[in-house]
Amino acid sequence: MASVPDRLNIDPKDRELYEKISEEVSLFQEKNRKEQFLFAVAFGFSNGMRVPLKSRDGFFLKKDLKMEDEALINAVALHDEDDVGILSDKASVYRIAEEYAHAGIKLLTEKIASVEFGSFWKQFEKHMQEAYGSLEPKKHAEDK
Amino acid sequence: MRIKSLKLKNYRQFKDVEVSLNRVQSKKDLHIIIGVMGVGKSNLLNAVNWCLYGEEPFLSREDSKKLPQLNTKILRDASQGNEYRMTVEINAESGGKHITFIRDQYFKIGKGSIGVESTCRPTRQVFKAVLLDESGNSKIFQDEEGKKEATEKVHLFVPYGIKDFFFFDGERLDKYFREATGQNIRNAIYQISQVELLDRTQTHMQKVISDLHKDAGKTDPEIEKTRKELERLEEDLNSKLEEINQCQSQVKTAKAEIKKLDDNLRGMPEVEELQKEKDTLRAEYKTQQELYQRAIGAKQEILFLLGIDIMLFPAIEKARDIIREKHDKGEIPPTIDKNLLKKILMEGKCICEREIGSGSSEEGAIKKLIERISLSRDTSQELTRMESYLDSAKDAAKSYLDQNRRTTEQIRIVEGVLKRITDRIEQIDKQIAGYDMIKIRNWANELRKFEELLEINQKRLGVLEEIKINSEGKIDELRKRLDDEIKKETKLADLKNDIVFAKRGIDVLERSHQEIMESMRRKIEKETEEKFFELHWKKETYRNVMIKNDYTVSPVHSMGYDCLGTLSGGEREVLALSFSLALHNISGFDSAIIVDRPFAMVSGPPREFISKIFSQISDERQIILLLTPEDYASDVRDVLEDDTSNAIRLFLSPDEKELMLEAY
């Protein structure tokens, strides 16, 4: 079994983007790096964009990940690789997450810049309504 | 007394001016002096007052009060240490006699640079009256220490106590009847009733009685004891009466001020209450704003956390499907660890330490088993661990709508509260917009102060009245006892008769005083009423005019109620003129009437009516009107122009230090 990395990385250039977002969206400032990273992963994933990192820079330690966080990161890896064997290769699992986060943080920065100051959450809420709407059929099917 | 001319030298803006007020044969005794607002018209009225009484009651502007009386142009060119004279001279005529009043004020220019106040010090003042009889002989009367001969002459024409009914300011008409709540009217009636002599006689008679009592006390110690006790009680009563007078005066002043302030505040917003409400609303807004921010924060938190689950929902779903499939195939949970089997094969040794030979049947069986097991135990365990977290994440994503709806509803409620608060604050702001808040607040504060003053004085008055009644009772008893004691003493028979005589005299004087005052009050009331109805244009509106027991003057409405408070500016002016003319006719004082800005409180058609009234009055006596060009607009000019003996324009010199005159 491959060794497990002790940290999750970002592209060094992304550090600036995380800081910028924290300045413009107050809620980000209250969140820790792991939470910001997971949000970026989700944003990249929901936009279907995953970009390999050109170089790597540690962002937070693996020990900060809780089981529920690991579950989500694993789910993303499973989704993309379609092979449960990926789970025994944590380096690959984290790499996939890092690539989504790399794309996600860039998209997020662009999104924030494109809307009026202070209105990000309004826009995001709309986005969530749509995303939730697309879940509805599955949700109903399961409810039945 | 009509004024023939006014000479002003170095008096305020008037450096050297003579205002001629001669009556033109074919015209009425009406004179109009016109000047723009602030040019110094009121100082002509001040000059007349200063010359006759040594005071300037119409210095309305604060800066005028600060300016020296001496003309500033003179002051600017003055030499230090020199003395300069300011003079106001009134040339008047009355009943064929000519009299000139001259008041001089000297000023010394102090050392140092020439400023305005600090270097101009008033020194001596000289007041003279020069009387020229019908034969052309002149006699000079001059005020000196303890002997006011010139002032006495002024009082023959217009006594100080009634001057306000002859020289008045239209802008202050409101104060004319209300300020002293009858006190000034009473003084006026007292003055023209000439009952002062009776009062002086009465005081003298009381002293005579007191002296007779003293004489009686010398003959008998008992009488002396009673007399002393009576004297002490009378002194106490006098001091209480003085206190009662003061209290009554304070009550009257407070009532007048309260009425005035009430009038000022009528229709004004309740500033203090509104301000308090606004402060409360602002505090509430702050609290609600915090709640709003918290609700917004909660909503964003939901969006952030559940957003991750929603955005990753497809991955969660897929992972969940995979795990379900593994369950279905029985691969989860694992029965044998695939990695362990691989290790046994690699080491060629079973966990029971038995050797597993290459190509042996055991090796073959293990290889078949490895092919059948697709998951390692770690992977299987990982998937099992994920299962519950993924279910939680799915449930969280599904709860998004409910959670978001709840926080959105909270936000909507708080937004509603905030809007209501903002609307109310805006409403209050609109209510108080355009008002001078500081002035209104000051009025409200003053009103509270006067209400307190009124309450305190009314309570005190109640106590004092009770003390007075008790004291009067005791004094009556003592007087009776003293009379009895004196009566008993046969050798005091003559003295007793003197006392009885003096007492009867006092009674007669008292009754006479009251009767004369009452008769005068009735006469003036009747005359005022006649004049009022003669001059007023709304003759059907009022029933009569009365001078009440407290000497307040008021018309009575045809419906029977006292309506001074509801009179318009124009009507109040007519009432003032009616009363003045009544005083003129009854008293015989025929002074000129000088009115500063008579139309200040009047607008519309009454301007024309009042102009006609002035014209009408000027048939009988001199009228001098001080007007602005706006006051003398066509409606007024059309009425007055042809009747006017003199129309004079006042204007400032180019350096604005000197007032000049020209025919209008």
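This is a predicted model: local features need pLDDT of at least 70, side-chain atom pairs count only at pLDDT 80 or more; totals for chains, interfaces and linings use all residues.

I turn to a pair of helices in chain B. Helix α8 of chain B, residues 221-265, packs with helix α15 of chain B, residues 437-488, at an angle of about 160 degrees. The axes of α8(B) and α15(B) are 6 Å apart. The crossing in which α8(B) passes α15(B) is left-handed. Which kinds of residue form the contact of α8(B) with α15(B)? That contact comprises 25 nonpolar, 18 charged and 7 polar residues.

Next, the sheet. In general, strands of a sheet pair through backbone hydrogen bonds. Chain B has an open sheet of 7 strands, with antiparallel pairing and the order β2-β1-β4-β5-β6-β7-β8. At its edges stand β2 (14-20) and β8 (147-148) of chain B; each has a single partner strand, so one side of each is left without a neighbour in the sheet.

Within this sheet, strand β1 of chain B, residues 2-11, pairs with strand β4 of chain B, residues 83-94, over 7 bridges in the antiparallel sense. Opposite Arg2(B) stands Glu93(B), in β4(B).

Finally, two helices meet the sheet. Helix α1 of chain B, residues 42-53, packs on it, touching β1, β4 and β5 of chain B, and its direction makes about 90 degrees with that of β4(B). Helix α4 of chain B, residues 149-157, lies across β4, β5, β6, β7 and β8 of chain B, running at about 110 degrees to β7(B).

Technical notes:
Residues are numbered from 1 along each chain as its sequence is written. Chains are lettered from A and ligands numbered from 1 in the order in which they are written. Axes are lines fitted to C-alpha atoms, for helices over the stretch in contact, and angles run from 0 to 180 degrees between N-to-C directions. Helices (H or I, at least four residues) and strands (E, at least two) are DSSP runs, numbered from the N terminus. A crossing is left-handed if the near helix is turned anticlockwise from the far one by less than a right angle, and right-handed if clockwise. Ala, Val, Leu, Ile, Met, Phe, Trp, Tyr, Cys and Pro count as nonpolar, Asp, Glu, Lys and Arg as charged, and the others, Gly among them, as polar. Two strands pair if DSSP finds at least two bridges between them. Two residues are in contact if their C-beta atoms, placed from the backbone, lie within 7 Å.
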